[in-house]
Amino acid sequence: MSQPPRGASVRAVVIALACVGVFAWITPYNDYDLQNTYIAGNLFPIGAMVALLVLVGLVNPLLHRVAPRSVFRPAELGLVWCVIAIASGIPAAGLWRYCIPAATSLRYYATAENHWNDLLTPRLTPFRAPAGEAASQQFYEGSAGGAIPWHAWRAPLVMWGIAAALVFYACACLTVLLRRQWVERERFSFPLTQLPMELAAAAEEGHALNRFLRTPTVWAGAAIPLLVHGVNGLHLYFPGVPRVDLHHDVGQYLPNTFPWWSIRWG
């Protein structure tokens, strides 16, 4: 009788949580200071894919040579990817990228023309925005020595944290309600999970990499975006490197009248 597949291990949980901590720490610096490609700014989180590729392409082949019994199993790799994919959006597009600017922009961008100080600012409570105008100004312009006025942020962070926890809990409840209909009855394929599943698949006997990673067409297809975005990344730091333009504003050819001006970029 075949044994049931083993579930996730303690080491997979530890690695997943460690990666979550690292990504939460570097995301603000990467996204806002360096203005690099967002770690979790789209439907396919880069951070989770990087961690999975490192485990599959570097760690597992090394373990296959020195300790074959310690190779990460598909269940472990799947857990690592899921945890990072879910959590990496919290310090980025999944939560704080919008909550923090929303809490500060009202005071900072208030002008005599938009009348925000008369209509909206008086309705702000300590739990909606940081106390005082100085905290909002420092968020956009910085402060002496880079100090963060935590006393002004304590109340709104608690409020936004509770609201976020309730939203995430509601999303978890929705997934439980929809799981049977989507997975068992309608047999959804969930395209965004197909690539992680292929990467995490077990390698065949005698191979360090699975069949998917040994397919030449996979590497040929991956080489195109890697080359293009690699060149564009080098261009940001070394302007002498030519840039491959991937965006073209078709709105510049349209009339500068309503409603066509809404299509223009910027």
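1. **Basis of the note.** The model is predicted, so that local features need pLDDT of at least 70 and side-chain atom pairs count only at pLDDT 80 or more, while totals for chains, interfaces and linings use all residues. Residues are numbered from 1 along each chain as its sequence is written, and side-chain values use heavy atoms, with hydrogens and water left out.

2. **Salt bridges in general.** Side chains of opposite charge can pair when their charged atoms come close. With a salt bridge taken as a side-chain nitrogen of Lys or Arg within 4 Å of a carboxyl oxygen of Asp or Glu, the count comes to 8 salt bridges.

3. **Arginine 11 and glutamate 76.** One of the salt bridges joins the side chains of arginine 11 and glutamate 76, at 2.9 Å from N to O. This pair links distant parts of the chain, since arginine 11 belongs to helix α1 (residues 10-33) and glutamate 76 to helix α3 (residues 74-87), 65 residues apart; helices here are DSSP runs (H or I, at least four residues), numbered from the N terminus. Are the two partners buried or exposed? Buried means under 20% relative accessible area, exposed over 50%, and partly exposed in between (1.4 Å probe, protein chains only). Glutamate 76 is therefore buried, with a relative accessible area of 1%, whereas arginine 11 counts as partly exposed at 30%.

4. **Two further salt bridges.** Arginine 179 forms a salt bridge with glutamate 184, and their closest N and O atoms are 3.2 Å apart. Arginine 179 is partly exposed, with a relative accessible area of 39%, and glutamate 184 is partly exposed, with 40%. Aspartate 245 and arginine 243 also meet through their side chains in a salt bridge, at 3.4 Å from N to O, and arginine 243 counts as partly exposed at 46% relative accessibility. Salt bridges that share partners, moreover, join Arg11, Arg73 and Glu76 into one network.

5. **Aromatic pairs.** Rings of Phe, Tyr and Trp (its six-membered ring) pair if their centres lie within 6.5 Å, and planes under 30 degrees apart count as stacked, over 60 as edge-to-face and the rest as tilted; the structure holds 7 aromatic pairs. The rings of tyrosine 108 and tyrosine 140 have centres 4.4 Å apart and planes at 20°, so this pair is stacked. Tyrosine 108 lies in helix α4 (residues 96-108) and tyrosine 140 in helix α6 (residues 133-141), so the pair ties together parts that are 32 residues apart in sequence. The rings of tryptophan 182 and phenylalanine 188, with centres 5.4 Å apart and planes at 25°, are likewise stacked. Ring pairs also link Tyr108, Tyr109, Phe139, Tyr140 and Trp153 into a cluster.

6. **Lining of the largest pocket.** Which element gives the largest share of the lining of the largest pocket? That share, 12 residues, comes from α9. The elements that give two or more residues to this lining are α2 (46-66), α8 (194-200) and α9.

7. **Tryptophan 260.** This residue is placed in the segment after α9 (216-237), and tryptophan 260 is partly exposed, with a relative accessible area of 40%. Leaving aside neighbours within four places in sequence, tryptophan 260 is in contact (heavy atoms within 4.5 Å) with Leu254 and Pro255. The C-alpha atoms of tryptophan 260 and glutamate 198, which are 62 residues apart along the chain, are separated by 44 Å.
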